[in-house]
Amino acid sequence: MYKASENRYDDMPYRRCGRSGLLLPAISLGLWHNFGHVDVYNEFKQIIFHAFDRGVTHFDLANNYGPPPGSAEENFGKIFNKDLKQYRDEMIISTKAGYGMWPGPYGDWGSRKYLISSLDQSLKRMGLDYVDIFYSHRPDPNTPIEETMMALDHVVRQGKALYAGISNYSADQTREASRILRELGTPCLIHQPRYSMFDRWAENGLLDVLEEDGIGGIAFSPLAQGMLTNKYLKGIPEGSRAAKSHGFLQKDQITEKVIAKVKALNAIAEKRGQSLAQMAIAWLLKDERITSVLVGASSVNQLEQNINSVNNLHFEAFELKEIQDIIN
C-alpha cells in the first residue's frame, strides 16, 4: 500500500486561485499524454505517486485523454481507488468535456446534454463521487454560451463538481462566461489556456480579464510541445515528438529560426542555474495571474526536473528584457 511522504508539503508553493478560497500547487500534473492504455501502467503509477510526494496536489484530466479516450480517467481511477483514496481531501481532481467523445449528435461540443452526461461517465470511470473542478473544454460556436454555463452551474449545485472552469475561451468569451456564471451564483474559478514563451495569445486581453474578474489561470503546454527543452538544440532527434508523422508538433515547426531562439534562451537558463524547461515554467509563474502550470511527464525523473522549477522563480529585470528580445 502506498504511503505518502511526510514531507510532501515542505517545498511546493501554493498560490490562490483568483479571488477564491482555493490554493493550487505552482506545478500541477496533467494526464493528457502518457497515462492511457497504450502506456505502461507501473511507470505512470510511479509518476502519480512521486507527484503527490512532492506536493503536487492537483491532477488534471479530461474525458478524451488517453489514448484511447477515457483510458487516462480509468487508469487514474484505478490508482486512486487502490492507493490514494485515503488522501482524497488533500487532492484537487479536475476533468473536462468539450471534444468528441462518442458517436452521434450528443457526444461533442458544449450542450447541456453532452456536458452532464460526460461528467457522469467521468465520475464512473474514476470511481469518484465528485470532481473538484469541471471544465467546459472549449467554446461551442453553435450552442448558446448561457446553456453551457447553466450546465456547469447545474453540476456544481448537484455536488458532482465543487468548482466550474473553462478552457480555450477567448478574452471576450471568458468575460461573458464569467458574467453568466456569477449571475447564476457559481463564479468561474479558473481558465486553462495554452500558454508558453512561444505561444502568447493569452497576453492579448485574456490575462487582463482573469485579473478583472478574479479568475485563476492554469497554463497548459508550457514547454510548447517540447520545443522549450534541450531536446531540439541540435535539430530534430529520432524518437522525438517532432520526428513523428502524427501529433501536435510537426517537423516544419522546428525551423532554424526556432532553434536559434531555443539556443539563446538556453544560454540564459544556464546562467540562472536552470534547464531551459525549468526557466520556461518559471517564466510563466512570474505572472501572478497564472496560478499554476500544468506539466506532463513520461518519467519520474522528467517530473522531478519540472517540479524543481520552483527552486528559482525570481527574474532580474535584465533577464526578462533579454528573454523578451529573443521571443519577440
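In which loop does Pro-67 lie? I found Pro-67 in the loop between strand 4 (58-60) and helix 2 (71-84).

**Entry 1: conventions.** I note that this is a predicted model, in which local features need pLDDT of at least 70 and side-chain atom pairs count only at pLDDT 80 or more, while totals for chains, interfaces and linings use all residues. Residues are numbered from 1 along each chain as its sequence is written, and side-chain values use heavy atoms, with hydrogens and water left out. Helices (H or I, at least four residues) and strands (E, at least two) are DSSP runs, numbered from the N terminus.

Entry 2: The bond joining Gly-66 and Pro-67 is cis, with omega about -5°. A cis bond also runs from Pro-67 to Pro-68, where omega is near -10°. I located Pro-68 in the loop between strand 4 and helix 2.

I then looked up Trp-109, which is not a glycine but has a positive phi of about 70°. Trp-109 lies in the loop between strand 5 (92-97) and helix 3 (112-126). Ser-221, also not a glycine, has a positive phi of about 55°, and its place is the loop between strand 9 (216-219) and helix 7.

Are these two residues buried or exposed? Buried means under 20% relative accessible area, exposed over 50%, and partly exposed in between (1.4 Å probe, protein chains only). Trp-109 counts as partly exposed because its relative accessibility is 31%. Ser-221 counts as buried because its value is 13%.

**Entry 3: helix 10.** Which residues of helix 10 (residues 317-327) are buried? I listed Glu-319, Ile-323, Ile-326 and Ile-327. Seen down the helix axis, these buried residues fall within an arc of 85°, so they line one face of helix 10; the arc is that of the directions from the helix axis to the C-beta atoms. On the other side of helix 10, I found Ala-317, Phe-318 and Lys-321 exposed. The cover over the buried residues includes helix 7 (256-272) and helix 8 (276-285).

**Entry 4: helix 7 against helix 10.** The axes of helix 7 and helix 10 come within 9 Å and cross at roughly 165°. Helix 7 is therefore roughly antiparallel to helix 10 (angles under 35 degrees count as roughly parallel, over 145 as roughly antiparallel, 65 to 115 as roughly perpendicular and the rest as oblique). Axes are lines fitted to C-alpha atoms, for helices over the stretch in contact, and angles run from 0 to 180 degrees between N-to-C directions.

Which residues meet here? From helix 7, I noted Lys-261, Ala-264, Leu-265, Ile-268 and Arg-272; from helix 10, Glu-319, Glu-322, Ile-323, Ile-326 and Ile-327. Contact means heavy atoms within 4.5 Å. By class, this contact of helix 7 with helix 10 has six nonpolar, no polar and four charged residues (Ala, Val, Leu, Ile, Met, Phe, Trp, Tyr, Cys and Pro count as nonpolar, Asp, Glu, Lys and Arg as charged, and the others, Gly among them, as polar).

**Entry 5: helix 1 against helix 9.** I looked up helix 1 (residues 41-53) and helix 9 (residues 300-307), whose axes come within 9 Å and cross at roughly 25°. Helix 1 is therefore roughly parallel to helix 9. Gln-46, Ile-47, His-50 and Ala-51 of helix 1 make the contact with Val-300, Leu-303 and Glu-304 of helix 9. The residues of this contact divide into four nonpolar, two polar and one charged.
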